[in-house]
Structure formats: structure tokens, C-alpha cells
Amino acid sequence: MVQFGKRTTPPAERMGARRIYEALRDQILGGVFGTDGQLPSSRGLALELGVSRTTVTVAYEQLLAEGFIEVRQGARPRVTFAATDQAGSRRPTKRSRPVNLSGFGERIAAAPPRIDRVPGTPIADFRYGDLPCSDFPTVIWKRAMNAAMAIHAERLTYDDPKGSRRLRKALQGYLWRARRLRCDLEQIVVVNGSQQGLDLCARLFLDPGDHFVIENPGYAMARRVFAVTGASPVSIGVDSDGLRTDLLDGIRARLAYVTPSHQFPLGGVLPISRRHQLLEWARQCDAYVIEDDYDSEYRYDIKPVSPLYGLEESGNVIYLGTISKTLSPTLRIGYLVVPSDLQHVFASAKQLMDRHSPLFEQEALASLIESGFYESHVRRVRRLNGERREALLKALQYQFGDRVTMEGTDAGLHIVVWLKDLRSSQEAEFIDRVQRAGVGIYSISPLYDGELGNGYADRVGLVMGYAALDTQRIERGVHILAHVVEQMRSRTRAKKRRSRQS
Ligand SMILES: Cc1ncc(COP(=O)(O)O)c(C=O)c1O
């Protein structure tokens, strides 16, 4: 039981979080928990103290940031700092003065970086976003990097903030061939992954107090990067056709973030009528639409769809692409196509942020695109990922039959799976059990703002990435999922029987 001083009136959220943090920290320092000791779940502690779960989460995040605890998705926070440990360097230092952050800094500090990892070597990790090293063209990439370094052998100098001209030219051709997107060379800005593109948009378009439209459920990294500016999200529901544009009526916002070609995470493709509705709304309230085209290379049973960019004349769509799904997320290369009247401000912003993206990698990528290798590589990985997707769908069908609902199976590198046998109250335990059995599994709920929608309010939903797994691992992983579900089901059945008997 966690001990706290007597509370009189309910404190404001932050004060409450501070008190909880201090109490827990003192108890950890006092050796109450010991290494590996478990703290209560945020839900449990919030109930116990009569505060909101957010308050407890903020306190836990502070403990996490200072190295007192570790947090794994679905599991209770665990103490990582031993009070008796004299190793000095491991002991978090007690600051003599409070951290003095800007409003922006405070908002960022409220949620420390999360890297969910299953400990050890998992049997299968369905973490979305990972790619297998075996798909990466290592030899070709090394050769291209060597060539890029040879070109710049004499003098190393800063380049154009918009990125290497050679890469932008190559991308211009690629975007036309692959996406029928026509743009001027100067409209392309090479960025350090989509994330930097989103950050640039956030800084350029949002002020504290502004509003931005975001899909619900949606991409958490987009939501966060916009929200830390001090702007407020307007979460708009999503159905099997993507963003519910009918809900935009009467909403005023500075920008809208959308994934029209493959809604993240549910997988819908925005139909043409909704595209026009969205663009009309943007025109009327003078908002920018950020089109995140993060995985359009992967379409299996359906035809490619054209991007939103190019559908409209008024120049308020910003297109965002990445090579994180085709080559590697570690390279950190993405690209923006911005309206002509914004090219200078984007170039200035990029220059102020980091001068420009690393040049050798840009040149190496340019040579892969110029030679045609990139597109043949994309075809190859699309086929491989099609096979992985097939294996996952088959394994789920085999193990669960109609006890699961799957969404977004036609495209991308992940699917969403709703388990019919478990209630949402069982989610944390389920994920914990599966992870303990050596399988990384990730809930969809953090991608929702509020309740799970689409009639799934009381279900367990999973976002299952498959790109980094071979067939065998996929089958073993799904087998373990099914086994854990079955264990939990039989326990629930036994409980019900007992309560009927008594
Ligand atoms: C919706 C969405 N957009 C973009 C990305 C890629 O981000 P980045 O290019 O920063 O690696 C991801 C990665 O998972 C994503 O899910």
C-alpha cells in the first residue's frame, strides 16, 4: 500500500502529481519497494487516492524520467533503483532547484519518450514500425554511400536546407511515377523522417490556443507534436472509409492532419467525396491539410489511390512521404511537398532547426532512385510483406476463426485485430501475460482520444505489425496469443460457474 499524507481538498492536477511523485520517490529511496518491486497500476492508485489517472500517470512519468522505475506496456511499473545500491552513478541525483522549463518544455516533459520493448529476445514481436534487417539492401547501400562520399571528397560544406538537389530531382521523378504527383523541385523539402516534417508544420502553423483537426484513432506522434505547441486537438472520428468529414461542419482549426490513402491505424481509404469535403472545409476556414502518405507503397488487394495533393487548386495541402517503411526507419529520411508560396518559410525553418538533413545519405538515396533500384526494391519488399500479411491473416483465422475481427488488411504493414473474447478491463492483464510468454503485442487504445469507437468500446484491440517477422514467428506468436486468450476465457467461465453455484 502506498502511504500518503492526509489530503484535504483535491489538489490541482499538477500539484497532485507532484505530491504523488514525491511520496513514491521517498518510499523508493527509503527502500520500501526494493529493486524489481512493483508499484500499483496507474488505474489502481488513482482509484485508491481518488485522483484522476492522468495525475498518477504524470507522477509515474516523472519517476520514469529520473530513472526510479521502468514501465512496460500492460505491466505495472517496476522499481529499477535499489536504495541500498551504493554504485553512486546509478543513484539519481536530487536537484537543488526546480527544473525551469518554457511552456513548450513543460508540455514536452509531461510525457517522456516511450520506447516499448519486450525484454529479452521475444519469440515474436508484433511491434508496428520495425522492419527486418534482411530486407535492407546493405551491399547496394554501402556502395551508394561510398560513391556519395567520393563525390564530396575535397570540401565538406553546408548544403541547401531544402536538401540535396540531386535527391529532390530523383524524388520529383519518383513522386510522378509512383503517385502521379507533379511538383516543382523547389517545393520539395527533405526532412529527417516524417516526424521532422510534422514538427516543421506544427511550428509554422500553430500557436498556443489554436486548434488542429486530428483523426481519432490516429497517429499519436502527430497528435503529440501538434499538441506540444499549446494548440488543442479536435479529434474527429474515423470509420472504415477514413476521416468522418461530415463531422467537420462548424469546426474551425488551423490545420488538419490526415492519412487519406491508408488511415492509421484502421486502414480506411478516404473516398473522393470525403476528399472534396475535406478540401472545401480547409478552403473555408483557411486551414492547411497535412497529408501523411506514410505507406502507400504497400497495397495488396486494392488499386493505388491518388494523393489528396493535386486534387485542389488553392495550395493548402502539404504532402508528406518517408522511406521509413520501404528502406529503414533508422535512416531518418522523409520529404515534404509544400505549396509554392510556403517553400521559403519551410526552407528557413529547416535551416534554423538543423541546417539540413545529412548529405551523404541523401545522395546515396538519390543514386538508388536514379538507377531504378529503389523501385525494384519496393516491388520486392511489397511481395515479401504481402507474404507476411498472408501468413498473419491465415494464422489468426486458424487460431481464432470468427472470434476476431480484422481491419485494414488490404494495405500497409499492420492490421488491427479486435478480440471478441476479452473485455477491455482485461486488456492490461492480457498484454502482460502475452509479453511474459515472449510475444510483443500492442494495444490500439493509446491511439484513441477517449473511448474506443466503431462499436468496439468494450473490446481489446491490437495493432499488429508484421513486416519484421517471418512466417514461423508469426504462427508461433499467434498461437501464444490464442493460448493466453483461451486461459483467460476458461478462468472467466470457471468464475461465473462458481458464482452461479454460490
Ligand atoms: C502514420 C505514420 N506516419 C509516418 C510514420 C513514419 O514516421 P517517420 O518517417 O518519422 O519514421 C509512421 C511510422 O510508424 C506512421 O505510423
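This is a predicted model: local features need pLDDT of at least 70, side-chain atom pairs count only at pLDDT 80 or more; totals for chains, interfaces and linings use all residues.
Residues are numbered from 1 along each chain as its sequence is written, side-chain values use heavy atoms, and hydrogens and water are left out. Local features need pLDDT of at least 70 and side-chain atom pairs pLDDT 80 or more, while totals for chains, interfaces and linings use all residues.

**View 1. Surroundings of the ligand.** The ligand is surrounded by 13 residues (a heavy atom within 4 Å), and the closest are Ser194, Asp292, Thr322, Ser324 and Arg332. Polar contacts are pairs of N or O atoms within 3.5 Å. The side chain of Thr322 places an N or O atom 2.7 Å from a ligand oxygen; for the side chain of Lys325 the distance to an oxygen atom of the ligand is 2.9 Å. Gln195 has a backbone N or O atom 3.0 Å from an oxygen atom of the ligand.

**View 2. Strands β4 and β11.** Strands are DSSP runs of E with at least two residues, numbered from the N terminus, and two strands pair if DSSP finds at least two bridges between them. β4 (residues 188-191) and β11 (residues 334-337) run antiparallel and are joined by 4 bridges. Ile188 has Val337 of β11 as its bridge partner. Ile188 and Val190 point one way from β4, Val189 and Val191 the other way, and all are buried (under 20% relative accessible area, 1.4 Å probe, protein chains only).

Notes. Buried means under 20% relative accessible area, exposed over 50%, partly exposed in between (1.4 Å probe, protein chains only). A polar contact is a pair of N or O atoms within 3.5 Å; within protein, one must be able to donate a hydrogen and the other to accept it, and residues adjacent in sequence count only if both atoms are side-chain atoms.
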